[in-house]
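Here are my notes on this entry, point by point. Please read them with the structure open.

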Amino acid sequence: EKGTYVHYMQKEIYEQGRSLTDTLRGRLDFEHGRVVLDSLNLSAAQVQALERVTIVACGTSYYAGLLGKHYIERLARLPVEVDYASEFRYREPVIGPGHLALAITQSGETVDTLAALEEAQAQGAFTAAIVNVVGSQAARLCDGVIYMQAGPEIGVASTKAFTASAVDLLLLAIYLGQARGLLSASAVMTLLEELSRLPGLAGELLEAAWQGSYYRELAGRFAHYQHFLYLGRGLNYPIAREGALKLKEISYIHAEGYPAGEMKHGPIALIDHQMPTMVIAPRDRVYDKMISQVEQVKARGGTVLAVAEAGDPILAEKADFLLPVPPSHELLAPILAVLPLQLFAYEVAVHRGVDVDKPRNLAKSVTVE
Ligand code: F6R
């Protein structure tokens with residue numbers, strides 16, 4: 001089943017051009033200028049009555065949720081809270097009718113996420129899940145569902161389910177924004193077109209990585225470090241968190257994902273030549289601020305790796321190593337930016353001799369507390 005690949009995780013990383021095509025299949029209606037999310041079961045009238053969205057999830061799915069908050073707030077102007085399912089279920093959460101409780105779960109079987117959904121349902125919220133496994137508990141429990149259509153994910157570390165969830169969250173944000181009368185027909189059409197280009201851009205990046213040996217070489221240089229800092233801002237802050245999680249769970253290197261603006265409030269004290277910093281810095285509205293973070297790290301003797309747009313002359317000069325991504329729409333850039341971080345984590349783990357499909361202490365589906 002792994003074909004030419006050594007690990008499922010490797011296969012699942014490299015097949016994202018195709019899995020993203022599958023995720024988008026049947027969702028983009030160019031003829032009517034809308035997205036199709038039939039099994040969400042949420043009518044335009046119900047959307048108009050919504051007051052807020054609460055996203056519950058764990059791990060990688062939680063980080064997808066952090067990105068979803070940006071999408072939904074920006075395009076649908078609904079307040080969004082993102083909570084760890086394990087925290088939500090043991091609070092006294094403020095939730096009820098008029099709220100959308102949205103779970104994100106690859107397996108659809110994560111016990112904390114299911115319990116959070118049950119709590120939200122008991123309080124009268126409309127419940128929905130972005131889920132990969134058809135017929136899973138989450139899919140059965142919820143009032144509505146968006147299937148990731150990513151195909152089975154076998155590697156313990158989640159990769160293609162993250163990019164599928166991110167795409168589904170953007171589709172949902174467009175759906176909500178349109179139903180709330182906030183998006184012009186041309187704004188929707190632009191987003192549909194940009195989305196339809198995404199699988200091709202992802203495929204291009206991955207193909208270049210597959211043909212070359214760049215990530216293996218980078219891994220050789222960085223596999224012996226014990227600590228990493230990952231920094232991102234705005235839409236790319238969740239990507240910093242997800243990139244750090246990927247590294248720690250399969251390579252056992254300690255990595256922290258931080259919002260870049262928080263650096264000076266503490267983590268900057270850690271910077272020295274023994275702790276490399278990975279910055280995620282596509283040319284978006286906070287790009288200039290990311291450049292100044294790079295300068296701060298360099299001024300303290302740190303090494304900088306930068307996920308940057310291919311050919312970015314400023315980062316080519318200021319950072320020590322570039323992990324290139326093709327230029328894309330601001331809302332899609334985070335989805336492309338995670339790919340180099342998956343590749344980096346994978347190659348570092350392989351270099352360190354870890355069985356990446358079965359990292360110690362981890363299970364694919366966390367069905368116990
Ligand atoms: C990380 C990873 C986990 C899962 C988490 C939630 O690579 O795989 O953090 O994302 O256990 O799992 P699901 O999405 O199945 O609810």
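1. The model is predicted. Start with Cys142, which is buried at a relative accessible area of 9%. The sulfur of Cys142 lies 14 Å from the closest cysteine sulfur, that of Cys58, which is too far for a bond.

2. How many disulfides does a search of the whole structure find? The search returns 0. Cys58 is in no disulfide, and its nearest cysteine sulfur belongs to Cys142, 14 Å away. The cut-off for the sulfur pair is 2.5 Å. Cys58 counts as partly exposed, because its relative accessibility is 24%.

3. Cys58 is also a contact of Thr110. Beyond its neighbours within four places in sequence, Thr110 touches Thr105 and Val366 as well. Thr110 sits in the loop between strand 5 (99-105) and helix 6 (111-122). Is Thr110 buried or exposed? Thr110 counts as buried, because its relative accessibility is 14%. Its side chain also makes a polar contact, at 3.4 Å, with the side chain of Ser107.

4. Now helix 2, residues 16-24. Its buried residues are Gln16, Gly17, Ser19, Leu20, Thr23 and Leu24. Viewed down the helix axis, they fall within an arc of 165°, so they line one face of helix 2. An α-helix has 3.6 residues a turn, so residues three or four places apart point the same way.

5. What do the buried residues of helix 2 pack against? Their partners are helix 1 (8-14), strand 1 (28-29), helix 8 (160-179), helix 9 (185-211) and helix 14 (333-351). Gly26 follows helix 2, with a positive phi near 80°.

Conventions. Residues numbered from 1 in each chain as written. Predicted model: local features only at pLDDT ≥ 70, side-chain atom pairs only at ≥ 80, totals over all residues. Heavy atoms only, no water. Buried < 20%, exposed > 50% of the residue type's maximum accessible area, 1.4 Å probe, protein only. Helix = DSSP H or I, 4+ residues; strand = E, 2+ residues; numbered from the N terminus. Arc of directions from axis to C-beta. Contact = heavy atoms within 4.5 Å. Polar contact = N/O pair within 3.5 Å; in protein donor to acceptor, adjacent residues only side chain to side chain.
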